[in-house]
Each structure stands twice: as C-alpha cells, then as structure tokens.
Amino acid sequence: MNEPLSLDADQARERLAELTVVDVRTPGEYASGHVPGALNVPLDRLGRAVPELREAAARGGLLVVCQSGGRSADACARLAAHGVAAIDLAGGTSGWAARGHGLDRPAGAAAKPVWAMDRQVRLVAGSLVLLGLALGLLVHPAFQLLSAGVAGGLVFSALTDTCGMALMLGKLPYNRATKNGGPTLDATLARLRQEA
C-alpha cells in the first residue's frame, strides 16, 4: 500500500503511535508547543539528519510537521530527493491545535511562546518597508531603495518558494536557544538512533 503524501490532523492523530513525528520548526517554536512525541529537526539542519530519518521512515513512517504546512512540505521534498519517504501534516501544528488536539511543551519551556516564523518574517519585512519609506521621505529619497529591496526579496521568495529572511531569523538566539526547553539536534539524532 502506498503512503499518502499528507494527512490531516485527525488522520495523523489516529496513526500517531505508528509514525515518527519530526517537527522542522526552530527550537524556540518547537518549545512553544508541538505535536505529542514530535522530535525537533530544524529545516536548516535537515541534511545532517537524513540517515537517521531514512531509518525512521523504514521502521513505520515519517510524519513531518511545521507551523502551517509550508516548511514541512519543503522538508518532505528535500527528503524525497534523498530517497526518504515522508508524509506531510496538512495544516501543521496550527491545524493540529485548531482540531482541539493537545500540544506538548518541554519541561522548563518558556511560558511566553515564540512567534511562528512566518509571523516574524511579516513583522521584519513590514518594518523594513516602513523604515525605508519614512527615511526616504524625511532624510533622502535613496532610502526608498530599502523598501524596493525588501519587495524584491518577497517576490523572489514567492517565486522560488524559499525565504532567506526566515533562514536569517532562524539563527537569532530566541529561535535557536535550547535553554528554553527545546532539545539539541544531537540529542534528537541520538533518540532517533535509539528507536532503531
């Protein structure tokens, strides 16, 4: 029987015991609430985890999840390029929670959740556009090039389905910190190897 390309939250919940769930969000996002049993392998570090994920997929299925489904679909495509079959959780963690399914948080996780990456990108992009326009009006018109640069970056991001700003924001301390209760990648990889 062929595995489906994606599962909705209810379908995934029914099969949760037989799947290895991998959350590809940043450690900060993961610590703010994740699908029960999910292991954190940030999207920008996915390549390092391919051997362990290949073994997990062979054992019983690999379910990939992010906040809303965009990054997990990207992760599934990257894994497929390495010959690893993975299933995408349609709607991501947001869809999971919207269906009334509970989220787990690591012990010691901060009470204040980290914003989802798409929300962080919208805030930074919008702020830079407004800054460029304000400086262009108040200081020198050349500052409007900042707004044009951000707009061009957003168009490029949409056309290529990539996001350089998200990659940069993912490296900020509050997104990377494991002291907020999120596991390190090495700990996650060790756990994947133990489950083999």
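Colleague: Hello! In which helix does Leu137 lie?

Modeller: This is a predicted model, where local features need pLDDT of at least 70, side-chain atom pairs count only at pLDDT 80 or more, and totals for chains, interfaces and linings use all residues. Residues are numbered from 1 along each chain as its sequence is written, and side-chain values use heavy atoms, with hydrogens and water left out. Helices are DSSP runs of H or I with at least four residues and strands are runs of E with at least two, numbered from the N terminus. Leu137 belongs to the helix spanning residues 117-138, which is α6.

Colleague: Thanks! Is Leu137 buried or exposed?

Modeller: Buried means under 20% relative accessible area, exposed over 50%, and partly exposed in between (1.4 Å probe, protein chains only). Leu137 has 69% relative accessibility, so Leu137 counts as exposed.

Colleague: About what area has the nonpolar surface patch with Leu137?

Modeller: Patches take residues with over 30% relative accessible area and no salt bridge, joining nonpolar side chains (Val, Leu, Ile, Met, Phe, Trp, Tyr) within 5 Å and like charges within 9 Å. A salt bridge puts a side-chain nitrogen of Lys or Arg within 4 Å of a carboxyl oxygen of Asp or Glu, and areas come from the Shrake-Rupley method with a 1.4 Å probe. Leu137, Leu138, Val139 and Phe143 make this patch, of about 470 Å².

Colleague: Now the sheet: which strands stand at its edges?

Modeller: Two strands pair if DSSP finds at least two bridges between them. Five strands form an open, parallel sheet in the order β1-β5-β4-β2-β3. Two of them have a single partner strand each, so one side of each is left without a neighbour in the sheet: β1 (6-7) and β3.

Colleague: Within what arc do the buried residues of α3 fall?

Modeller: The buried residues here are Val50, Glu52, Leu53, Ala56 and Ala57. The arc is that of the directions from the helix axis to the C-beta atoms. Seen down the axis of α3, these residues line one face of the helix, because they fall within an arc of 160°.

Colleague: Which helices do the buried residues of α3 pack against?

Modeller: Contact means heavy atoms within 4.5 Å. Besides the strands β2 and β4 (62-65), the buried residues of α3 pack against α4 (70-81) and α10.
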